[in-house]
Amino acid sequence: MTKSFFIFIAVAMLSAVLGTACAKNKVISANDLPKTSQEFLKNHFPDAKVSLVTKEWNEYNVWLDNGFEVNFTRKGEWDEVDGKTRPVPQSVINLLPAAVASYVSAHFPNAQIVSVNREPFGYDVDLSNGMDLTFDYKGNIREIDD
């Protein structure tokens, strides 16, 4: 058993791992999204077209032609709305506790919410000024990270 044998085993294992990882994401049609997800996109991004949808075992990832990425749980509930540098639609912000928007406008009046992520503890909100805010499900601020 030489060095070549161990290299062969390492390459074989790496290929198996990469093959499994790549197989996790499956490209699907927007029509194959759960109805809840389709309604969310229709209500909050009415002018955007779906560019790509992938499905993993526990989530759907949707890329829109306006640059937004929206992630849904396997049940079709929204999990994350990420505009990168674009402001999240007000209709999505309205889904959060009112205290979140109030806090942002009072403490960061020149910033816009560019990403919202539902977490087990509440919400993670990214602002256009680079700030990352964490709120509980009632809208109380828990953490500020820049």
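1. Helices here are DSSP runs of H or I with at least four residues, and strands are E runs of at least two, both numbered from the N terminus. On that basis the chain has four helices and nine strands, and from the N terminus on they come as α-β-α-β-β-β-β-α-α-β-β-β-β. A word on the ground rules: this is a predicted model, so local features need pLDDT of at least 70 and side-chain atom pairs count only at pLDDT 80 or more, while totals for chains, interfaces and linings use all residues. Residues are numbered from 1 along each chain as its sequence is written, and side-chain values use heavy atoms, with hydrogens and water left out.

2. On to the sheet. Strands pair if DSSP finds at least two bridges between them. The nine strands make an open, antiparallel sheet in the order β1-β2-β3-β4-β5-β6-β7-β8-β9. β1 (26-28) and β9 are the edge strands with a single partner each, so one side of each has no neighbour in the sheet. Direction ignored, neighbouring strands are turned by 20 degrees against each other on average.

3. Axes are lines fitted to C-alpha atoms, for helices over the stretch in contact, with angles from 0 to 180 degrees between N-to-C directions; contact means heavy atoms within 4.5 Å. Strand β4 (residues 69-73) pairs with β5 over four bridges, and E69 sits opposite D82 in β5. Helix α2 (residues 35-44) touches β2 (50-55), β3 (59-64), β4 and β5, and its direction makes about 150 degrees with that of β4. Helix α4 (residues 98-107) touches β6 (113-119), β7 (122-127), β8 and β9, at about 145 degrees to β8.

4. Have a look at the hairpin formed by β8 and β9, which has four residues between the strands; G139 in the turn has a positive phi of about 95 degrees. Four bridges join β8 (residues 132-136) to β9 (residues 141-145), and D132 faces D145 in β9.

5. Leaving aside residues up to four places away in sequence, D136 touches F121, G122, Y123 and R142.

6. Now the aromatics. Rings of Phe, Tyr and Trp (its six-membered ring) pair if their centres lie within 6.5 Å; planes under 30 degrees apart are stacked, over 60 edge-to-face, the rest tilted. The whole structure has five such pairs. F45 and F68 have ring centres 5.0 Å apart and planes at 55 degrees, so this pair is tilted. Both F45 and F68 are buried. For Y103 and F135 the centres are 5.8 Å apart and the planes at 80 degrees, so that pair is edge-to-face. It links Y103 in helix α4 with F135 in strand β8, 32 residues apart. Y103 counts as buried at 17% relative accessibility, as does F135 at 0%.

7. K84 sits in the loop between β5 (78-82) and α3 (90-93) and is partly exposed, at 42% relative accessible area.

Conventions: Buried means under 20% relative accessible area, exposed over 50%, partly exposed in between (1.4 Å probe, protein chains only).
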